[in-house]
Amino acid sequence: MFKTVRAKVIITAIIMLTILMCAFAWHTIISRMKTKQLMVQNYVYSLDSFANDIKFRIIKSEDNLKSLALIGGLFYRTDRSYELTDRVITRIFENYPSTLGGGIWFKPYIVDKSKKYVCFYAYRDKNNKVVIDKNFGNKEYDYPNQQWYKQIISQVTPERNIVWSKPYYENLGSYTTMVTAGTGIYVDGELVGIVTVDWEIDSIMDRVSQMKPIEKTLSMYKSGGKIQNSFALLGNTNYDYIIATTDPYLKNDNLIGHSLKEIPWYANNLYETTYITYHGKKYVPFVKKMKNGMELIICIPKSEMFRAVDKFYSYIVLVMLFIGLIIPILLYYSMNNYMIKPIDKLINIATKIGKGEDIEIKIEKPQEFAQLASTFDKMTKDIKSITIEKAKINSELSIAKSIQKASLPNVFPPFPERVDFDIFASMDAAKEVGGDFYDFFFINENEFMFLIADVSGKGIPAALFMMTVKTLINNIAQSGYSPKTLIEKVNKKICETNKQGFFVTMLAGIVDIYTGKMSIINCGHNPPLLKRINEKYEYLQLESNYPLGIFEDADFQIYETTLNPGDLIYTYTDGITEATRADNEIYGEKRLYECLNHIEETVPKIILEKVKTSILQYTESAPQSDDITMLAFKYLGHNYKTFKQEAKIENYKELYSWIHETCSEWNLSKELTNKLDMCGEEIFANITFYAYPEKNGTIEAELKKENSNIILEFKDYGIEYNPLEKPDPDINLPPEERPLGGLGIFMTKEMTDSIYYKRENDANILTLIFKEQMDS
Amino acid sequence: MDIKIKSNGFNTLFVQAAGRLDLDTSVEYGTTVKDAIEDSDTDIQEVVLDFSQITFISSFGLKIILELYKHMKDINGVLKLKDVSENLMNSFKMVGFDKFLVFE
């Protein structure tokens, strides 16, 4: 399953995607961290700027205080114009828009012994207009007894330092939490009063708590910007008191002016990265230390602070997951559509083409597959044309094969009228045309030549050369040379025509049919087997000569022998002995020898058939590697006559004329002729009357002259019957009692020197042997 | 087979034939002789088979001779064989016919 392209591509894609996702996740985590750091940084910056703002205000306030102190000194030393002073104060306040209010407060009775309270106070109304408030210089307020007054006046020095009061809740007029900064008015080194500037803490705190550190940074995120549940603390560390806090868990009013230690989460060294856990929530503290020991701390819930960032990144993760899911699906889909489907289509078509269907391969897209398909189509067409070409060559080869086969004598029996010899030959060509051949012909009236040969090499060239050699031998043989000269001439001629380095092994025999004299020559060929009548086959070890076509002047040794009637010679090519079975073992000469000696028949045709069967059985299914060519020649001579007729009474005349002709040809005595005549008639009659009760059959007879015997053999394929088992008639009975039948077989027994019956291969064979008697 | 049968006018038939007495001819030979005996106007008491022209006799020929012998015996006649060659005589002897046949 994982072996398909589909699986592999998808697995690769998944692995790549996983790596990509990991990288992205890593990047996301880092960038999220960075973003958070950036946000913190950014907030620190905005806090800085806010602190600067406060600082600026303080500076302004101090300037303001100095101006007021100057005015206060002037008023004390000069004509003490109340109206002018009011105007100047108003003007000063208008110049210091950050100031909420402030005033000049003289010590009691110092300006005027009769006047306890001399003070000037201005403040900003709701419309930001500076208003002079005269309500402070009276008994009800009694400013010298106010805490801020006491605090400031107790701390001022002639160096005109700025003193800050503890925050206090103003329950007159503005009703807010205030802090007052002040300095003394010194005239000639004597402290005559103080000047103050009021700060309204609540508005500052409001601004602080509403500071949106990420407003700008995260303005691109819709949900970003609003930080809720944050709170601030403003305190003075030099004097250790709380100026203001928006801590929702504490009551601001009660704590103002108290020690910072009363804030549960407060510590000396808070920093942005030291998270505070307060009421089960994590807070990021931003700390800003300012002049005069003032310290501003803003605590922002961690979750709130990074909510937008976290939300944003979780969106990104979701999108990524979605992409991670959708990409493999898309990949699978597109691969299926653009790769697997065309491949499947190609496979389908290829299978169909393989089965022989004629289909045009066409795929339109994608382009690569279209190209592949057209290449494939072209290839298929090429293969088809090659196949056709090959088939043509094959058919030409088979034509060549049949021409080759037809050029060999292949009508058997080749000389049906001749009874003095029997010949049979066969060639079973291997797959391709080969160089084996055989031939036989009369070279003159008496001499018959047979030969079997093997041209080196295979295929068309060998076959063509074989044809040349065959024709050449035939032509030269007809010219009447002696066997030795004939072979020498043939060799020379082959050498002349042979430009391709072919050579020919050949075994040839030239037999004088009338005398049985045979010249036999072996030119580098397999040794033939000779079977003398009534003996076994034996390899005929001849002096081996060079194959033909090698040395132009080669000398050839001829072996001469005389064949007796019934002798048989078997020749073959190496296709027989080198027939190979599956385990690579060859058939070999020994097997051939044994095979032949197990064959009882001495008819060439049957011998060849049986050898072939034996080879086929041996090689079994192994393909035939070489031509299997054999030729068997049986010499019957003129001492051997055969007769064959249908077993019909009308054919009796044929029989006795055959007997008489043979006898006269062989110069047999009248008496013997008579005997043969009588016996022949009896056996003929027996076969004709009794052997074939239901059908027609044949009767075969042979007359042989062997040594000094005349042998008459009858053969029929009828019902089994041994006439010799019939009891002899009593010839001494009186004639009246003698039966008419049974005479014939009795006489036959009497006349023969020996008589045998055998049943063999569904044939009744009766052999009659007569001693030859010369006619006196 | 050319078979010539002559009667002497009384009771003797002379049978003359040439060639082989074998499978092919014997039956014809035997039938011809028997028919001649029956067809004769006189009572045949003697049949003389002239063998001078017979070259060959097979077992079938011998069988016919035995038949004729038995036939003559039945009608109280005599079968005589005339001029049997030595060659043929051997055949008669072989089957013991020489013991009862009359040769002239």
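This is a predicted model: local features need pLDDT of at least 70, side-chain atom pairs count only at pLDDT 80 or more; totals for chains, interfaces and linings use all residues.
Local features were taken only where pLDDT is at least 70 and side-chain atom pairs only at pLDDT 80 or more, whereas totals for chains, interfaces and linings use all residues. Residues are numbered from 1 along each chain as its sequence is written, with chains lettered from A and ligands numbered from 1 in the order in which they are written.

In chain A, helix 1 (residues 5-77) packs against helix 2 (residues 82-95) at an angle of about 170°, and their axes are 11 Å apart; helices (H or I, at least four residues) and strands (E, at least two) are DSSP runs numbered from the N terminus. Axes are lines fitted to C-alpha atoms, for helices over the stretch in contact, and angles run from 0 to 180 degrees between N-to-C directions. The two helices of chain A are therefore roughly antiparallel, a term applied to angles over 145 degrees. Helix 1 of chain A contributes A:Asn64, A:Ser67, A:Leu68, A:Ile71 and A:Phe75 to this contact, and helix 2 of chain A contributes A:Thr85, A:Val88, A:Ile89 and A:Ile92; residues are in contact if their C-beta atoms, placed from the backbone, lie within 7 Å. By class, 6 of these residues are nonpolar and 3 polar, with no charged residues (nonpolar: Ala, Val, Leu, Ile, Met, Phe, Trp, Tyr, Cys and Pro; charged: Asp, Glu, Lys and Arg; polar: the others, Gly among them).

Chain A also contains an open, antiparallel sheet of 5 strands in the order 9-8-12-11-10, where strands pair if DSSP finds at least two bridges between them. Strand 9 (241-245) and strand 10 (276-278) of chain A form the edges, each pairing on one side only, and the twist averages 30° from one strand to the next. Within this chain, strand 8 (residues 231-236) and strand 12 (residues 294-301) run antiparallel and are joined by 6 bridges, A:Leu234 being the bridge partner of A:Leu296. Helix 1 of chain A packs on the sheet, touching strand 11 (281-289) and strand 12, and its direction makes about 40° with that of strand 11.

Elsewhere in chain A, strand 14 (residues 436-442) has 5 of its 7 residues buried, that is, with 20 or more other C-beta atoms within 10 Å of their own. A hairpin of 4 residues connects strand 14 of chain A to strand 15 of chain A.

In chain B, 5 strands form an open sheet of mixed pairing in the order 1-2-4-6-7. Strand 4 (residues 46-50) and strand 6 (residues 78-82) of chain B run parallel and are joined by 5 bridges, with B:Val47 opposite B:Leu79. Helix 2 (residues 59-74) of chain B packs on the sheet, touching strand 4 and strand 6.

The contact between the chains takes 20 residues from chain A and 18 residues from chain B. Helix 14 (652-665), helix 15 (670-691) and helix 16 (743-751) of chain A each supply at least two residues of the side that touches chain B, and helix 15 of chain A gives the most, with 8 residues. This side of chain A comprises 8 nonpolar, 3 polar and 9 charged residues.

Definitions and conventions. Two residues are in contact if their C-beta atoms, placed from the backbone, lie within 7 Å. A residue is buried if 20 or more other C-beta atoms lie within 10 Å of its own, exposed if 12 or fewer, and partly exposed in between; C-beta atoms are placed from the backbone. Angles under 35 degrees count as roughly parallel, over 145 as roughly antiparallel, 65 to 115 as roughly perpendicular and the rest as oblique.
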